[in-house]
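Visitor: I would like to learn how to read aromatic contacts in a model. Please take me through this one.

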Amino acid sequence: MKRAASALVGALCALVVSGGPAAAEGFSTPGAVGVDVSYPNCAVTASLSPVAFGVVGVTGGTAYTANPCLAAEAATFTDLSLYVNTGWFARSVHVSATAPRRCAGADAVCLAYNYGYSAGLDALAVASRAGVHSTTWWLDVELGNTWNLKAPLQNRASLQGEYDVLRQHGVTRVGAYSTTVQWSTITGGWISGWPGWGATKLTSAAAAATYCTGHRFTGGQTWLIQFRSPASAVDENVACFVASVASAPHGVLAGPRNAAAAVSWLGPLSTGGAAVSGYVVTASPGGRRCSTTGARTCTVTGLVNRVAYRFTVRAVNVAGAGPSSLASGVIIAGTTTAPRKLAVVSPRAGTVTAAWIAPAVLGTGPVTAYQVRWTANGITWTAWTRVGLRRSVTRLGFVQGHAYRVQVRALNTCGAGAVATLSFTQRR
């Protein structure tokens, strides 16, 4: 790895993870200090003191080369991650128009993707021959490598190709080593969503740690910040705190609308150590979505009236989208919301009168009738009884001191709407 010529000034990359704490070999503990070594650092490897983690270069300074002391360097560290030099060179002998994608002759973006993909395969082969393996790899994105600085889309494609092949071969975390200036110059400020390792000219772990927040070259999380103390023969790195995804939201409720549904929910019990920046709601069937930037309600549109739907919600923070909530109850698009102000009175012993007012939202049209049902145990319900357009109903046979429930729903031309439920204890 080449020493970076400019300090980190902006955003580091973030990895979207699917669950659990975000951690990588050796640098899961914030504040831990490790080193990175690469060709031509073979002579200093044996003199290294024990450290929390190490990062070792697979390539020898450019893509499609090999670090001759990879095996020896990797053996120095118990907690190991790897990195590779990257680039894009249109006149390289490694440019393929057929693998893994078939490219039109003038499609430089496609060709760049294939170049990066092939470079990743080559790096994997180098590591395999040396008997070196890690589930965390870093792409070294620096101006000293070959790029087309007039075509950032081509450079992005090359990086994406290398990222994809590493993930396809079992690498669970692929991040970028760079600086704000170099990343922006090479990729045009691409928001990749990868983990970030920032290069600086700082000389202490304490100073480097201050760059763990607020310095992200793609708007995500910072995992490592590089520095070098005056007494060190190799680059050093401080580990940053890495948030995990938030837990699942809960209490999801859905209300029908005309070809839509209004969904609300409660926030996650754990935010993963970072603020929740938004939520994503998904309808099933069909996969229609709505999203928010923090509000806990939104409306899913584009639904089909008379079709039954459920909805799940995921919380999003800087680490990505967390697991889905339990699904809401079923609603039928185009039906009414629940009747309101459901209440009961007992005009005489053993008798209950339930009353309500019309739903607030009528869906596709006016209420055609109401239905009511009752239960004494919460398990066995009476059949839904149609009561026309009346908004009250009286029932006999209740026992003083016993608990009951009553439910009411409205019908329209799309079917039965959302249900209003009331629990009560018979007083007379």
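Guide: Start with Tyr 404, which is buried at 10% relative accessibility; buried means under 20% relative accessible area, exposed over 50% and partly exposed in between, with a 1.4 Å probe and protein chains only. This is a predicted model, where local features need pLDDT of at least 70, side-chain atom pairs count only at pLDDT 80 or more, and totals for chains, interfaces and linings use all residues. Residues are numbered from 1 along each chain as its sequence is written, and side-chain values use heavy atoms, leaving out hydrogens and water.

Visitor: How many aromatic pairs are there by the ring rule?

Guide: Rings of Phe, Tyr and Trp (its six-membered ring) pair if their centres lie within 6.5 Å; planes under 30 degrees apart are stacked, over 60 edge-to-face, and the rest tilted. The count here is 19 aromatic pairs. Trp 183 and Trp 190 make a stacked one, with 6.1 Å centre to centre and 0° between the planes. Tyr 404 pairs edge-to-face with Phe 398, at 4.8 Å and 80°.

Visitor: Are Trp 183 and Phe 398 buried or exposed?

Guide: Trp 183 is buried, because its relative accessibility is 0%. Phe 398 is also buried, at 9%.

Visitor: Which residues form one aromatic cluster?

Guide: The cluster consists of Tyr 163, Trp 183, Trp 190, Trp 194 and Phe 217.

Visitor: Where does Arg 101 lie?

Guide: A charge sits over a ring if NZ of Lys or CZ of Arg is within 6 Å of the ring centre and within 35 degrees of the ring normal. Arg 101 lies over the face of Tyr 113, 3.5 Å from the ring centre. Arg 409 is over the face of Trp 384, at 4.0 Å from the ring centre.
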